[in-house]
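The points are grouped by topic.

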Amino acid sequence: MNNLHRTLIAFVAAAALALPASLVERVPATVPHGSNPFEGNPQARQAGKKLYERECSACHGKNREGIGKAPPLNQPEVYSAPASTLFWILRNGSLRRGMPSFAHLPEPQRWQIVAFLRAQAVYNEHDSHQGGN
Ligand code: HEC
(Lines give C-alpha, C1' and ligand atoms only; values in the text may rest on other atoms or scores of the structure.)
Protein backbone atom coordinates (compact mmCIF):
# COMPACT_ATOMS: atom_id res chain seq x y z
CA MET A 1 0.00 0.00 0.00
CA ASN A 2 1.49 3.40 -0.93
CA ASN A 3 1.32 6.62 1.05
CA LEU A 4 -1.43 8.08 -1.06
CA HIS A 5 -3.62 5.11 -0.22
CA ARG A 6 -2.85 5.44 3.45
CA THR A 7 -3.75 9.13 3.37
CA LEU A 8 -6.98 8.41 1.54
CA ILE A 9 -7.98 5.70 3.99
CA ALA A 10 -7.25 7.96 6.97
CA PHE A 11 -9.28 10.71 5.32
CA VAL A 12 -12.26 8.46 4.65
CA ALA A 13 -12.15 7.08 8.19
CA ALA A 14 -12.08 10.60 9.65
CA ALA A 15 -14.99 11.64 7.43
CA ALA A 16 -16.98 8.64 8.59
CA LEU A 17 -16.34 9.52 12.24
CA ALA A 18 -17.40 13.09 11.61
CA LEU A 19 -20.83 12.07 10.32
CA PRO A 20 -23.64 13.60 12.32
CA ALA A 21 -25.31 11.05 14.53
CA SER A 22 -28.82 11.19 13.22
CA LEU A 23 -30.14 10.20 9.84
CA VAL A 24 -32.21 13.38 9.43
CA GLU A 25 -28.97 15.40 9.56
CA ARG A 26 -27.26 13.09 7.08
CA VAL A 27 -29.82 13.45 4.29
CA PRO A 28 -28.08 15.13 1.33
CA ALA A 29 -28.80 18.85 1.09
CA THR A 30 -29.58 18.37 -2.60
CA VAL A 31 -32.95 16.76 -1.88
CA PRO A 32 -35.49 18.77 -3.89
CA HIS A 33 -38.03 20.58 -1.77
CA GLY A 34 -41.06 19.02 -3.37
CA SER A 35 -43.93 19.87 -1.10
CA ASN A 36 -46.14 17.21 0.38
CA PRO A 37 -49.41 17.05 -1.55
CA PHE A 38 -51.07 16.00 1.75
CA GLU A 39 -49.61 18.62 4.11
CA GLY A 40 -52.30 19.66 6.59
CA ASN A 41 -54.81 17.12 5.25
CA PRO A 42 -56.42 15.31 8.23
CA GLN A 43 -57.55 12.23 6.25
CA ALA A 44 -54.05 11.77 4.89
CA ARG A 45 -52.59 12.08 8.40
CA GLN A 46 -55.01 9.43 9.64
CA ALA A 47 -54.07 7.12 6.76
CA GLY A 48 -50.41 7.82 7.55
CA LYS A 49 -50.97 6.85 11.19
CA LYS A 50 -52.39 3.47 10.12
CA LEU A 51 -49.47 2.93 7.75
CA TYR A 52 -47.07 3.90 10.54
CA GLU A 53 -48.61 1.30 12.85
CA ARG A 54 -48.31 -1.38 10.18
CA GLU A 55 -44.89 -0.54 8.73
CA CYS A 56 -42.86 1.30 11.35
CA SER A 57 -44.09 0.74 14.89
CA ALA A 58 -42.32 -2.62 15.34
CA CYS A 59 -39.00 -0.76 15.22
CA HIS A 60 -39.82 2.82 16.24
CA GLY A 61 -42.42 1.98 18.89
CA LYS A 62 -46.18 2.27 19.09
CA ASN A 63 -45.93 5.88 20.28
CA ARG A 64 -42.87 6.72 18.16
CA GLU A 65 -40.79 6.56 21.33
CA GLY A 66 -37.95 4.60 19.66
CA ILE A 67 -36.68 1.12 20.49
CA GLY A 68 -33.01 0.20 20.66
CA LYS A 69 -31.22 1.38 17.52
CA ALA A 70 -34.39 2.83 16.00
CA PRO A 71 -34.50 6.46 17.17
CA PRO A 72 -37.61 8.16 18.57
CA LEU A 73 -39.66 9.95 15.91
CA ASN A 74 -41.70 12.06 18.34
CA GLN A 75 -38.94 14.66 18.60
CA PRO A 76 -38.64 18.06 16.92
CA GLU A 77 -35.68 17.02 14.78
CA VAL A 78 -38.04 14.64 12.99
CA TYR A 79 -41.40 16.40 13.04
CA SER A 80 -39.85 19.74 12.12
CA ALA A 81 -37.72 18.26 9.33
CA PRO A 82 -38.64 19.31 5.79
CA ALA A 83 -41.17 16.97 4.17
CA SER A 84 -38.66 16.34 1.37
CA THR A 85 -36.08 15.10 3.91
CA LEU A 86 -38.51 12.62 5.46
CA PHE A 87 -39.61 11.50 2.01
CA TRP A 88 -35.96 10.91 1.09
CA ILE A 89 -35.50 8.78 4.24
CA LEU A 90 -38.54 6.65 3.37
CA ARG A 91 -37.34 6.13 -0.18
CA ASN A 92 -33.70 5.34 0.65
CA GLY A 93 -33.71 4.09 4.22
CA SER A 94 -30.36 3.72 5.94
CA LEU A 95 -29.68 0.16 4.98
CA ARG A 96 -26.39 -0.38 6.74
CA ARG A 97 -27.79 0.96 10.00
CA GLY A 98 -30.98 -1.04 9.93
CA MET A 99 -33.54 1.38 8.49
CA PRO A 100 -35.21 -0.31 5.51
CA SER A 101 -36.25 1.46 2.30
CA PHE A 102 -39.98 1.92 1.78
CA ALA A 103 -39.67 2.56 -1.94
CA HIS A 104 -42.04 -0.39 -2.50
CA LEU A 105 -44.94 1.60 -1.01
CA PRO A 106 -46.82 3.74 -3.54
CA GLU A 107 -45.71 7.39 -3.40
CA PRO A 108 -49.03 8.69 -2.04
CA GLN A 109 -48.72 6.30 0.92
CA ARG A 110 -45.20 7.54 1.65
CA TRP A 111 -46.46 11.15 1.59
CA GLN A 112 -49.26 10.14 3.97
CA ILE A 113 -46.66 8.77 6.39
CA VAL A 114 -44.69 12.02 6.06
CA ALA A 115 -47.85 14.03 6.81
CA PHE A 116 -48.38 11.90 9.91
CA LEU A 117 -44.78 12.30 11.12
CA ARG A 118 -44.92 16.08 10.68
CA ALA A 119 -48.21 16.38 12.53
CA GLN A 120 -46.47 14.99 15.61
CA ALA A 121 -46.97 18.05 17.77
CA VAL A 122 -50.74 17.86 17.18
CA TYR A 123 -50.83 14.17 18.03
CA ASN A 124 -48.80 14.67 21.22
CA GLU A 125 -51.47 17.03 22.44
CA HIS A 126 -54.23 14.66 21.36
CA ASP A 127 -52.58 11.71 23.18
CA SER A 128 -52.21 13.66 26.41
CA HIS A 129 -55.90 14.65 26.31
CA GLN A 130 -56.67 10.95 26.26
CA GLY A 131 -54.39 10.31 29.20
CA GLY A 132 -52.00 8.39 26.95
CA ASN A 133 -48.19 8.20 27.17
C1 HEC B 1 -36.40 -2.71 10.84
C2 HEC B 1 -36.51 -1.58 11.73
C3 HEC B 1 -37.08 -0.27 11.18
C4 HEC B 1 -38.27 -0.08 10.54
C5 HEC B 1 -39.33 -1.13 10.16
C6 HEC B 1 -38.38 1.35 10.32
N7 HEC B 1 -37.26 1.99 10.77
FE8 HEC B 1 -36.89 4.01 10.69
N9 HEC B 1 -35.04 3.72 11.47
C10 HEC B 1 -34.54 2.50 11.90
C11 HEC B 1 -33.17 2.69 12.34
C12 HEC B 1 -32.25 1.60 12.90
C13 HEC B 1 -32.87 4.06 12.15
C14 HEC B 1 -31.54 4.78 12.41
C15 HEC B 1 -30.80 4.80 11.08
C16 HEC B 1 -29.55 5.62 11.09
O17 HEC B 1 -29.18 6.17 12.12
O18 HEC B 1 -28.93 5.72 10.02
C19 HEC B 1 -34.10 4.68 11.63
C20 HEC B 1 -34.21 6.04 11.33
C21 HEC B 1 -35.37 6.66 10.94
C22 HEC B 1 -35.55 8.08 10.78
C23 HEC B 1 -34.50 9.15 11.05
C24 HEC B 1 -34.62 9.59 12.50
C25 HEC B 1 -33.54 10.58 12.93
O26 HEC B 1 -33.62 11.08 14.06
O27 HEC B 1 -32.60 10.82 12.18
C28 HEC B 1 -36.84 8.29 10.40
C29 HEC B 1 -37.51 9.63 10.11
C30 HEC B 1 -37.47 6.99 10.30
N31 HEC B 1 -36.55 6.02 10.64
C32 HEC B 1 -38.79 6.78 9.95
C33 HEC B 1 -39.35 5.51 9.75
C34 HEC B 1 -40.69 5.31 9.26
C35 HEC B 1 -41.67 6.42 8.93
C36 HEC B 1 -40.87 3.95 9.14
C37 HEC B 1 -42.07 3.20 8.58
C38 HEC B 1 -42.48 3.58 7.22
C39 HEC B 1 -39.64 3.33 9.62
N40 HEC B 1 -38.75 4.31 9.97
C41 HEC B 1 -39.46 1.97 9.70
C42 HEC B 1 -35.21 1.28 11.91
C43 HEC B 1 -36.44 1.03 11.31
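Serine 94 sits in the loop that joins α6 (83-92) to α7; helices here are DSSP runs of H or I with at least four residues, strands are runs of E with at least two, and both are numbered from the N terminus. The model is predicted: local features need pLDDT of at least 70, side-chain atom pairs count only at pLDDT 80 or more, and totals for chains, interfaces and linings use all residues. Residue numbers start from 1 along each chain as its sequence is written.

**Serine 94**
- Serine 94 counts as partly exposed because it has 14 C-beta neighbours inside 10 Å; a residue is buried with 20 or more other C-beta atoms within 10 Å of its own, exposed with 12 or fewer, and partly exposed in between, with C-beta atoms placed from the backbone.
- Beyond its neighbours within four places in sequence, serine 94 is in contact with Leu23 and Met99, where contact means C-beta atoms, placed from the backbone, within 7 Å.
- Arginine 26 lies 68 residues from serine 94 in sequence, and their C-alpha atoms are 9.9 Å apart in space.

**Ligand shell**
- The ligand is surrounded by 25 residues, and the closest are Ser22, Cys56, Cys59, Ser94 and Met99; a residue is near a molecule if its C-beta atom, placed from the backbone, lies within 6 Å of it.
- At least two residues of this shell come from each of α2 (23-26), α4 (57-60), α5 (76-79), α6 and α7.
- The shell consists of 17 nonpolar, four polar and four charged residues; Ala, Val, Leu, Ile, Met, Phe, Trp, Tyr, Cys and Pro count as nonpolar, Asp, Glu, Lys and Arg as charged, and the others, Gly among them, as polar.

**Helix α3**
- Helix α3 (residues 42-55) has 14 residues and should span 20 Å at 1.5 Å a residue, which agrees with the 20 Å between its end C-alpha atoms; the expected span is 1.5 Å times one less than the number of residues.
- Ala44, Arg45 and Gly48 are buried in α3.
- The buried residues of α3 fall within an arc of 95° seen down its axis, so they line one face of the helix; the arc is taken over the directions from the helix axis to the C-beta atoms.
- These buried residues of α3 pack against α7 (107-118).
- On the face turned away from the buried side, α3 carries the exposed residues Pro42, Gln43, Glu53 and Arg54.

**Whole chain**
- The chain has eight helices and zero strands.
- Of its 133 residues, 21% count as buried.
- Among contacts with a separation of 6 or more, 68% are between residues 24 or more positions apart.

Note on methods: Contact = placed C-beta atoms within 7 Å.
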